Amino acid sequence: MINKLRKLYIKEQFNPSFIGLFINPFYFARKGLYKNISELAENLHGKLVDIGCGIKPYINLFKVDEYIGLEIDNAKNRNHKHADVLYDGKVIPFKNNTFDSILLTQVFEHVFNPNEFLKEVNRVTKMGGLLLMTVPFVWDEHEQPYDYARYSSFGLKHILNENGFEVIEHRKSNDGLEVIFQLLNTYIYKKTATDNVYINLLLTLFLMAPVNIVGLILSKLFPRNEDLYLDNILLARKVKDV
């Protein structure tokens, strides 16, 4: 029973349903990411590497021949054992032109040398291979001190083009009034979170769930604003070596 509840909780953190309104302080951000990733996942094929894979929350969305999770080599990632390969964060430990598909979700803002990183991504991607990438635009500092940048849609297209990728599709996730309510819940979460998961659940239920519900209702009533949004989602193709 406990294992089932734990699996449900983890599922609701990345793919929130109606239940997520009540137990996920990042309901809008995570729901938007999952929706867009799931809609674009069918484009990826062959051999895929998930760079910065974490617990591989999106693995079931991809119908690929091989799915490899890559993570930084540190104590945390060695212990949780979700990653298939650990590396130094600089040289991706695969040969040139290894992968048909690259998945990069909520990682790029943590890369201090973005051009060097994208050159490595380009190197291990086959010509014509696809990159599915998500990057926050409006968000708080997180995973400090390893949070280095925020990127506009124009900045991302420019830096990808510089490093051999052509953007095929670009989406802006959560470009409605829900962005304000998500930021409010992020503030509340940061100021109330404890080391006890059960206390955090109660705080989410009583403090943050009402914000989720009001935000969901008002976001349906007010117009969208494409200049203010939570996340960038891009699908890009490798068009040249760099």
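Predicted model: local features only at pLDDT ≥ 70, side-chain atom pairs only at ≥ 80, totals over all residues.
Local features need pLDDT of at least 70 and side-chain atom pairs count only at pLDDT 80 or more, while totals for chains, interfaces and linings use all residues. Residues are numbered from 1 along each chain as its sequence is written, and side-chain values use heavy atoms, with hydrogens and water left out.

Colleague: How many salt bridges does the count come to?

Modeller: A salt bridge is taken as a side-chain nitrogen of Lys or Arg within 4 Å of a carboxyl oxygen of Asp or Glu. One of them joins the side chains of Asp140 and Lys190, at 2.5 Å from N to O. By this rule, the count comes to 13.

Colleague: Which residue forms a salt bridge with Glu178?

Modeller: Glu178 counts as buried because its relative accessibility is 4%, where buried means under 20% relative accessible area, exposed over 50%, and partly exposed in between (1.4 Å probe, protein chains only). The closest N and O atoms of the pair are 2.7 Å apart, and the partner is Arg224.

Colleague: Is Asp147 buried or exposed?

Modeller: Asp147 forms a salt bridge with Arg150, their closest N and O atoms being 2.7 Å apart. Arg150 is partly exposed, since its relative accessible area is 28%. For Asp147 the relative accessible area is 13%, so this residue is buried.

Colleague: Which residues are linked with Lys35 in a network of salt bridges?

Modeller: The network joins Lys35 to residues that include Glu39.
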